[in-house]
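Dear colleague,

Please find below the structure that I am handing over to you. My notes on what was found in it follow directly after.

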Amino acid sequence: MKISLFYEFALPRPWSDDDEQKLFLDGLDEVEAADKAGFSTVWLTEHHFLEEYCHATAPEIFLAAASQRTENIRLGFGIMHLPPAVNHPARVAERISTLDLISGGRVEFGTGESSSVGELGGFGIDPADKRAQWEEALEVSIRCMTEEPFTGFKGEHIEMPARNVVPKPAQKPHPPVWVACTRPSSVQMAAQKAIGALSFAYTGPGPLKERVDGYYQEFADKGAPVTPLVNPNILAIGGDLSMMVAKTDEQAVQRLGVGGGFFSFGIMHYYMTGAHTPGRTKVWERYLKEVEQDQTLAYGPGRGAIGSPDTVREFLRGYEDSGVDEIILLLNPRSHEGTMESIELMGKEVLPEFIERDEKAVAAKARRLAPILEKVEARREASLAPDFDEDYSFGGLPTGRGGKFTASEIPEAMAEMNEGRVQAAKEEKAAREQAG
């Protein structure tokens, strides 16, 4: 089982002027330490307008910075929103490919469709369309990464002509694809599409085993690839996967404080209560009031990788026994110093045994899945992508409705450039004549 870290970049109020800058800079220090410690992947979400709960609005920017301070840790989008109003599929392909190149091929392409009123409404997306938009955008973005040129697409939500989208990713044919799975049915959907399942699991390792077994059974029975590269993997993230490691259980609990449950509370606040006033509602303050009423909301021992290295080791072994391929540990808001020590202790005293066992498990899994993969590939449907029209081309000035030119700044700039070139030639000729 791989062990990774998950960032939401929560930032509880009150805020000072440099809090957001410090949040990201501290995060870069933590990812650099995690790389040295041996964590498998740093997963960074993408959310918009969910103040306090998540300030990770541009994950590709942070992960690009992290790529230059690390060598081995993989860089995961957990997830990138694919509805085109948020991220056009061509731009998705460009950003994923660029990051894959500058990181030396370390990108994990997690995808999703968004579920919050704040985000869907903010971008004008009808919730009834979000699954169809995700499906179209996934196809187009992957084709943009792999086709040379992309031959075009016309769907219900996306229409794009032929273009050669550059650059192409370092990983061929493309980085591993995942999808966020908030319920068992979406885990089944991921298996059927032969992509990885970013599975939310809030009920502990016991029930998770059923979900893992169900994923692989569905993959074997009905998996039909929708991407050139299959990715039969399932990982777990959830409210009981916070991380705070210290020399003793007591120190870990003290450093965790009450922040361990803020992730779950934030989900409830933004996805279910429907009562948020932008720039006014104090989410952390509401959370603290809830914790006063119910101390179990804050989490503690047994509700995450919280405690001494021995305690955390035993906790993680329970998840390893579930058969899940990877777990993602949540980081506590405003706990940089404690997180840095947690990462160091994990690297020295916990991760080595899991890394060693994972290498053997990956090899055994490859042998086990080999005959299944042949059957899955046999179910792959033929591509419906149109052939490229070799006579197609584009060029000239953009025109708007009625054939009206709408980009006159370009010819004006070119005329000015040519005028400058002519004037420079005249001056050079005059200088030569004077010198002669």
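This is a predicted model: local features need pLDDT of at least 70, side-chain atom pairs count only at pLDDT 80 or more; totals for chains, interfaces and linings use all residues.

Phe24 counts as partly exposed, at 29% relative accessibility; here buried means under 20% relative accessible area, exposed over 50%, and partly exposed in between, with a 1.4 Å probe and protein chains only. Phe9, by contrast, is buried, with a relative accessible area of 5%.

Residues are numbered from 1 along each chain as its sequence is written, and side-chain values use heavy atoms, with hydrogens and water left out.

Aromatic pairs

A search of the whole structure finds 16 aromatic pairs; rings of Phe, Tyr and Trp (its six-membered ring) pair if their centres lie within 6.5 Å, and planes under 30 degrees apart count as stacked, over 60 as edge-to-face and the rest as tilted. The rings of Phe9 and Phe24 have centres 5.1 Å apart and planes at 75 degrees, so this pair is edge-to-face. It links distant parts of the chain, 15 residues apart: Phe9 lies in the loop between β1 (2–7) and α1 (19–37), and Phe24 in helix α1. For Trp284 and Tyr287, the ring centres are 5.3 Å apart and the planes stand at 45 degrees, so the pair is tilted. Both residues lie in helix α10 (residues 283–293), 3 residues apart, about one turn of the helix, and Trp284 and Tyr287 are both buried. Ring pairs also link Phe6, Tyr53, Phe263 and Tyr270 into a cluster.

The chain as a whole

The chain has 13 helices and 13 strands, taken as DSSP runs (helices H or I, at least four residues; strands E, at least two) and numbered from the N terminus. Of its 436 residues, 50% count as buried. The C-alpha trace spans about 85 × 55 × 50 Å along its principal axes.

With kind regards
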